[in-house]
Amino acid sequence: MTDSLDPNVHPDAERESEIVAAESQIYPPAEEVVANANVPNYLELREEALKDIEAYWDARAKEFIDWYEPYEKVLDDSGAPFFKWFVGGKTNIAHNALDRHAKTWRKNKLAIIWEGEDGTLRTFSYFRLWQEVNKFANVLTSMGVQKGDTVTIYMGRVPELPIAMLAAAKVGAIHSVVYGGFSEQALADRIADAQSKVLITCDGAWLRGKTINLKDIADEAIRRSPVVQNVIVFKRTGQDVRMEAGRDFWWHELMSLPVASTNFDTVQMDAEDPLFILYTSGTTGKPKGVLHTSGGYQVYIATTLKYAFDVKDEDRWWCAADPGWITGHSYIVYAPLILGLTSFIYEGAPNFPYPDRWWKMAEKYGISILYTAPTAIRGLMRFGDAWVKRHNLDSIRLLGTVGEPINPEAWRWYHRVVGREQCPIIDTWWQTETGGFMITPTPVVPLKPGSATLPFTGIDADVVRENGESCDPNEDGYLVIKKPWPGMARTVWGDPDRYVDQYWKEFEAQGWYFTGDSARKDKDGYFWIIGRMDDVIKVSGYRLGTAEVESALVSHPDVAEAACIGVPDELKGNVIHAFCILNAGKVGDDTLVDELKKHVRTEVGPIAVPAVIEFVDSLPKTRSGKIMRRLLKAKVMGKPLGDTSTLAD
């Protein structure tokens with residue numbers, strides 16, 4: 001926990017006026033959007049849901065999910081904070097994502113459209129995807145994988161990754177997907193923690209026209225964690241790899257064996273049986289294995305996707321994340337399939353070989369909803385409007401963001417250039433631990449650039465002081481969730497004490513989930529996410545969110561991206577050290593430094609002016625696109641970097 005929030009400290013007048021200005025910029029929903037929305041009365045439904053969350057989630061569980069056996073109780077809070085949802089219910093997420101669709105008109109509908117970085121196109125109807133998953137479930141069973149076993153998946157962004165996940169779920173196994181860019185040690189640590197006897201990988205993966213040798217990394221990880229008995233290798237790049245006899249098997253060879261039948265009886269799972277482990281890293285210690293379960297998770301992700309993005313049968317949905325992150329688990333693999341959507345998946349980098357790669361594919365495949373990270377938006381924004389305007393993006397009706405707060409300037413560019421000033425932007429705040437969207441608009445909610453707007457239906461969120469009192473409007477505080485929700489993580493794998501300490505200790509007396517984030521609410525109740533508590537800088541007694549200063553820097557026409565850290569200072573407590581990536585063709589010099597300082601003074605106030613502005617070519621980011629500010633701080637202060645397992649470069 002960082003230094004405590006002081007309720008007596010208020011923003012200066014200039015910062016207050018900036019907040020008021022942001023609040024007053026409202027983008028109301030178009031009448032046509034409201035009229036055609038799945039839930040036109042969404043704001044009223046929010047109020048109703050909070051009055052009786054059990055009744056609300058009971059209705060959603062019956063609306064979206066098939067149950068082999070009905071649940072006896074919606075919520076069991078007797079063991080809080082180890083909550084249980086849909087107690088006694090029997091289900092399987094693979095049944096709801098595939099089995100039931102394969103028997104209806106959807107069997108011939110495209111489930112997945114996939115484009116490789118090299119232009120390769122592959123498509124899977126719901127029926128074909130169901131067959132492939134059944135075949136691979138039989139392969140896993142033939143290798144001795146049973147209900148409750150863990151299977152580690154370490155692959156590039158290929159269709160076989162979701163196939164492996166769904167097959168593991170069908171068998172009743174727990175999958176642990178490790179992003180296909182992690183190092184040998186990061187993979188070894190996750191294999192050891194999950195005690196996986198089976199590893200699924202690729203020979204290699206394509207990125208920016210080059211191959212990453214995943215098999216070599218997997219071999220070294222297994223050498224360090226020798227619990228793995230069988231390795232299944234999907235051939236993607238065709239490069240030479242070492243195959244150990246008796247341990248390593250080619251995916252395509254196994255799938256051609258008689259044992260790989262297209263028939264498989266999906267294993268019935270209890271609602272609280274584990275579904276998957278997903279590892280997140282902290283600043284110290286080993287990565288946390290966040291555990292999600294079979295029942296509540298699927299109810300939650302199906303509901304959030306249906307309501308927040310107003311998805312319809314005719315939509316082509318593109319979540320431009322990686323299946324190896326929670327965004328990919330929830331909104332590439334599981335929720336779109338549960339809802340019977342067509343999903344687009346792209347293998348490579350967003351600007352390879354040219355900065356219009358995304359816009360070219362959006363036009364080619366008729367994408368109607370695009371959901372991506374502010375990092376990607378800012379990165380593409382650097383190249384200007386012309387690359388976007390080369391393409392007809394009229395098929396896009398909704399845009400979304402995920403991963404971190406979006407700068408208002410990037411929000412406006414996304415809305416104006418990509419969305420043609422017609423597409424609502426669904427700015428979502430959530431975490432690996434929450435399973436799905438927690439604070440988000442829907443298309444019928446008035447929008448404010450940079451605000452995630454309101455808590456989702458059934459979510460009781462607040463911004464509070466250290467003593468638990470609700471903050472005043474525009475006062476920074478701790479972001480907490482006051483009531484349980486079905487998509488919540490159940491524990492940290494093998495370490496329940498860590499789960500309690502990490503998420504429930506801070507507001508133990510109140511029984512609230514502490515997100516670890518700071519935020520504020522404006523006079524309309526809209527939430528403005530500031531960032532991790534570690535990303536809040538206290539300068540001369542004032543608390544400044546890094547996002548505020550970064551947004552001010554990015555709003556300058558020469559700056560593409562910015563990151564700020566607090567550096568200890570004897571006089572002010574901390575001073576701000578800013579790192580800026582400039583737009584193509586711009587040069588950083590002392591004149592620009594002075595100009596940027598004046599710009600921040602105007603946009604936020606004197607207290608927010610960085611003491612140091614450094615121009616850089618890149619910033620340290622996780623592979624999901626979040627800036628790792630603690631690494632910048634460690635480097636500036638000459639301290640050890642700590643856990644860098646999620647570092648992209």
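Guide: A compact globule of 649 residues would have a radius of gyration near 26 Å, and the chain, at 24 Å, agrees with this; the radius is taken over C-alpha atoms, and the globule rule is 2.2 Å times the number of residues to the power 0.38. The model is predicted, so local features need pLDDT of at least 70 and side-chain atom pairs count only at pLDDT 80 or more, whereas totals for chains, interfaces and linings use all residues. Residues are numbered from 1 along each chain as its sequence is written, and side-chain values use heavy atoms, with hydrogens and water left out.

Along the principal axes, the C-alpha atoms fill a box of roughly 70 × 55 × 50 Å. The chain holds 20 helices and 30 strands, these being DSSP runs numbered from the N terminus (helices H or I, at least four residues; strands E, at least two). Of the 649 residues, 63% are buried, meaning under 20% relative accessible area with a 1.4 Å probe and protein chains only. Among contacts (heavy atoms within 4.5 Å) with a separation of 6 or more, 72% join residues 24 or more positions apart.

Now to the helix pair. Two packed helices are described by the angle between their axes and the distance between the axes. Helix α6 (residues 126-142) and helix α7 (residues 160-171) have axes that come within 8 Å and cross at roughly 60 degrees. The two are therefore oblique, the class left over once angles under 35 degrees (roughly parallel), over 145 (roughly antiparallel) and 65 to 115 (roughly perpendicular) are set aside. Axes here are lines fitted to C-alpha atoms, for helices over the stretch in contact, and angles run from 0 to 180 degrees between N-to-C directions. On the α6 side the contact includes Leu129, Trp130, Val133, Phe136 and Leu140, and on the α7 side Ile163, Leu166 and Val171 are among the residues involved.

Beyond this pair, strand β7 (residues 174-177) contains Ser176, which counts as buried because its relative accessibility is 0%. Leaving aside residues up to four places away in sequence, Ser176 touches Val151, Thr152, Ile153, Ile277 and Tyr279.

In helix α8 (residues 184-194), the buried residues are Ala186, Leu187, Ala188, Arg190, Ile191 and Ala194. They pack against β6 (150-154), β8 (198-202), α9 (214-224) and β14 (274-280). Just after α8, Gln195 has a positive phi of about 55 degrees.

Terms used
Buried means under 20% relative accessible area, exposed over 50%, partly exposed in between (1.4 Å probe, protein chains only).
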